[in-house]
Amino acid sequence: MPYKILDKSSIPEYLAGLPTVMEVLGKGEGLDIEEIGDGNLNYVYKIRRSGFPDRTVVLKQAVPYLRMAGEEWPLSRNRMTYEIRALHIYNDLVPEFVPAIYHSDEEMSVLVMQTLDSHTVVRHSMIEGVIFPDIGGDVGIFLAETLFRTSALGMKSVERRHLMDQFNLNDELCKLTEDFVFTFPYMEHESNYSSPVTNKFARETLRCDAKYKLGVLKFKELFLTKTDALLHADLHTGSLMANQQETYVIDTEFAYFGPFGFDVGKIIANFLLSYTSHFFHSRDDSYQNWLLVEAMSIWKKFEERFLGLWGLQGESAILIDGLLTESELAEYRQGFMLKILHDSIGFCACSLARRTLGIAGVADIRDIDDINVRSKLEIINLELSYLLMSIHDRINTIEQFESTIRSFYANINLDSLELVK
Ligand SMILES: Nc1ncnc2c1ncn2[C@@H]1O[C@H](COP(=O)(O)OP(=O)(O)OP(=O)(O)O)[C@@H](O)[C@H]1O
Ligand SMILES: [Mg+2]
């Protein structure tokens, strides 16, 4: 079907022509349609058969511009092509962690999927102090399964090159990441967030520090050139929906082949941003402790499952039977995981800074009204970014990573924060 922007009045007719969707919605009088997209890029509608709350789907459509900025900011709608392709792959690899697909149409830039009805967006729930018992482990498993199985360890090279070909041209969203994650926040730029105290700190501590900026550049280069595995590439707590039993990953439009550590570091950074924000939101160090334990579980479960998959794997593009002895293989494996840990910490450092200084902040902190409080928390995040960037390749175990973060936060003088609600 040729492209056409859908709205509440045209959606019923569009859906009526889709048997797989009508099977979910059932027959009956009328549909209740609600626009629920709280995002910046696309339109998202929740659709229910009137009188049947369980008969529901979510429809997401990309428009050829950036939704938050309007038609003056064109952005190719082919981002939905990559969202659709990645979600199909994730449905094959990790169906328990992603919404089921009822219909997808690359021409129409439309995806119709399972409604996550009893789940909440994790970022908002974390601001409220909600605990999700299994979230760190679930995210770790999601990461290991998706990254290992699309890597040259988990696939033969010919199939893998064909798979990479399906994502190569997600160029505009990759460019957004290049600019807004790895470039503008570290220089004076009109797109950056503006707050006098935080800006001063950024100017005097990060933007004039060659070592720090060269560190960021190392990770920009990795992002641009390394094609380890199919990344989600926008994995933050706003891309997780969860309840007490389940964790789901949504919003796969940034998917492309990039370095292993990118997804891992980014999601850990978002748990740490939440940690910092709770010096204000709850002032509850037991909640902060929970956040840190879960952030570390992401890595622990990721590593455990990744190595488990490696153990089951026969020959891969990288490893052919008979090439290495057992002890050579053990050394290779250890070096491989250590490199991912170092890179994850470096990408984590970039995420902490760009979410503080760049255009796209996190609601956990940007939505705090009191600018004095906000600036203090922002500076904590920048200091943590600086620390992690400077030692990312000297942290050799997850225990060291955890103790580095614990002692960083323990040294913050809470009295000087004056975090009055
Ligand atoms: N399958 C789903 N079930 C229930 N709600 C959903 C589902 N998918 C998306 N949503 C809701 O719609 C919101 C926007 O979805 P999504 O993040 O995919 O859109 P986006 O336009 O790509 O946003 P962003 O600006 O974050 O990229 C989510 O935060 C969530 O509240
Ligand atoms: Mg999105």
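This short talk covers the ligand site, the magnesium ion, one histidine and the cysteines of this structure.

Some ground rules. This is a predicted model, where local features need pLDDT of at least 70, side-chain atom pairs count only at pLDDT 80 or more, and totals for chains, interfaces and linings use all residues. Residues are numbered from 1 along each chain as its sequence is written, chains are lettered from A and ligands numbered from 1 in the order in which they are written, and side-chain values use heavy atoms, with hydrogens and water left out.

Let's start with ligand 1. How many residues surround ligand 1? There are 18, and the closest are Asp 38, Asn 40, Lys 60, Leu 116 and Asp 251. To be in that shell, a residue needs a heavy atom within 4 Å of the ligand. Two strands, β3 (52-61) and β7 (110-114), each give the shell at least two residues. Strands here are DSSP runs of E, at least two residues long, numbered from the N terminus.

What is the shell made of? Nine of its residues are nonpolar, five polar and four charged. Gly counts as polar in that scheme.

Now the atoms. A backbone N or O atom of Leu 116 sits 2.9 Å from a nitrogen atom of ligand 1. An oxygen atom of ligand 1 is 2.9 Å from a polar backbone atom of Asn 42. A polar side-chain atom of Glu 253 is 2.9 Å from an oxygen atom of ligand 1. On its own, ligand 1 has 620 Å² of accessible area, and the protein covers 91% of that. Those areas come from the Shrake-Rupley method with a 1.4 Å probe.

Next, the magnesium ion, ligand 2. Which protein atoms are its donors? They are Asp 251 (OD), Asp 251 (OD) and Glu 253 (OE), at 1.9 to 2.3 Å. A donor is an N, O or S atom within 2.8 Å of the metal (3.2 Å for Na, K and Ca); water is not among the atoms, so sites may look incomplete. Glu 253 is buried, at 2% relative accessibility. Buried means under 20% relative accessible area, with a 1.4 Å probe and protein chains only.

On to His 119. This residue lies in the loop between β7 and β8 (120-121). His 119 is buried too, at 10%. Its side chain makes polar contacts with the side chains of Asn 243 (3.3 Å) and Glu 246 (2.8 Å). Such a contact is a pair of N or O atoms within 3.5 Å, one able to donate a hydrogen and the other to accept it.

For Cys 174, the nearest cysteine sulfur belongs to Cys 350, 16 Å away.

Definitions and conventions. Helices (H or I, at least four residues) and strands (E, at least two) are DSSP runs, numbered from the N terminus. A disulfide is a pair of cysteine sulfur atoms within 2.5 Å. Buried means under 20% relative accessible area, exposed over 50%, partly exposed in between (1.4 Å probe, protein chains only).
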